[in-house]
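Thanks for having me this morning.

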Amino acid sequence: MTTPPSPPAAERTDGSSVRIGALVPLTRPGWVEAGQHLLAGLELAVREVNDGGGIVGRPLELVVRDTAADPQRAAAAVDELAHLGVAALAGEYHSVVARAAAARADTLGLPFLCSSAVLDALTEQPTEWVARLAPAQSHGWRIYADFLLSAGHSRIAVAAEPSVYWASGARILRDYLAPRGGTVIELDMRALAPTAVCDELVDNRATALLLLVGHPEPAVSIVKSVRRDQRLAEIMIGAPAGQPEFAEWATLLGEDSTAIPFLRYLPESLSPLGARVETALRERLAEAPSFVAFEGYDTVAVLADVLRSHGANRARTAASWPRVAVEGTRGQIEFSRTPAISVWQWAWTPVQVVDRDPARPDRFRILHAG
């Protein structure tokens, strides 16, 4: 691995803190609730690392930058954090934003452990500098497609907005479902109002509608329109990207928030570590933690282990990805090279398809696991 030159501040030996740069969406149009959960997990793990003696006696410090779901803002933050001398980067939720951050980190020679973004091609070319905890989109969305088929859905409409992430998701579904007798009907949400979606679903005889659109809008308006159309009483609405995971979804939609299956990256039951972290996260967030909060915690757990073993040297950190073996909240974390994935990948975190229970919207039902 070629080691780019590090700025003078990159490696400190004076007993000062070891810094990790954190990229998190904390303002709109970013998914703010996801960002808050991600940050809660990062911060909890940093506190526990420091309570346990830090990084060989040096405190671990999180330097947080708000990406606001803006790729250019994220790339600029990577430049700033690199100049500030962070040992590594952590975080990000939005795939398109994480891709911009990963490209910049690769150019600068700055290790980046991506917490939550799933886009398969996180970098254009294979890189040694980036590793990822979240499962690749192709892995999770194929599990979701299996769920659709097992539930009897073969004519599936996708309400899609223009985005590399949504286009990738639609392609994964189409390529997986077509050989198995499934049809994917794409509805261009640039041209359709939420109410017009209903007519398209009827005309195309779709039995399922997947929301490949932003949150809260137009996702919330589409759900309300479909739920109120008597012709569509039997249609299943799904959201593989996870819009129903967060409490805001239930607040905005009430009873309409339920029975909308989505992907979640948690095991059926948590380990003792996972259960302890869940309790601490619930206290910190004043609500049930999402899988994104666990991703944040696991990110710092991995980086702290690497930094203890190899020091705050960026090149040694990046070279250590294939030797990571850390107990995370959702299983043993190890990284490997996975076909068609350009970064070091945990293959794989547990994947579930879940929905909100109509009888109790604050409770989730596990419908399928992969």
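I will take the rings and then the pocket beside some of them.

This is a predicted model, in which local features need pLDDT of at least 70, side-chain atom pairs count only at pLDDT 80 or more, and totals for chains, interfaces and linings use all residues. Residues are numbered from 1 along each chain as its sequence is written, and side-chain values use heavy atoms, with hydrogens and water left out.

Across the whole structure, a search finds eight aromatic pairs, where a pair means rings of Phe, Tyr or Trp (its six-membered ring) with centres within 6.5 Å, and planes under 30 degrees apart count as stacked, over 60 as edge-to-face and the rest as tilted. One of them joins W31 and F246, whose centres are 5.4 Å apart and whose planes stand at 65 degrees, so this pair is edge-to-face. These two residues are 215 residues apart in the chain, and both W31 and F246 are buried, that is, under 20% relative accessible area with a 1.4 Å probe, protein chains only. Together with Y93, they form one aromatic cluster.

Now to the open space: the largest pocket holds about 600 Å³, a volume being the space filled by probe spheres set on grid points joined across faces, edges and corners. A pocket here is an open set of points on a 1 Å grid over the protein atoms alone, where a 1.4 Å probe fits, with protein on both sides within 12 Å along at least five of seven lines, and lining residues have an atom within 4 Å of a point. Among its 32 lining residues, those closest to the centre include W31 and Y93.

Note on methods:
Helices (H or I, at least four residues) and strands (E, at least two) are DSSP runs, numbered from the N terminus. Buried means under 20% relative accessible area, exposed over 50%, partly exposed in between (1.4 Å probe, protein chains only).
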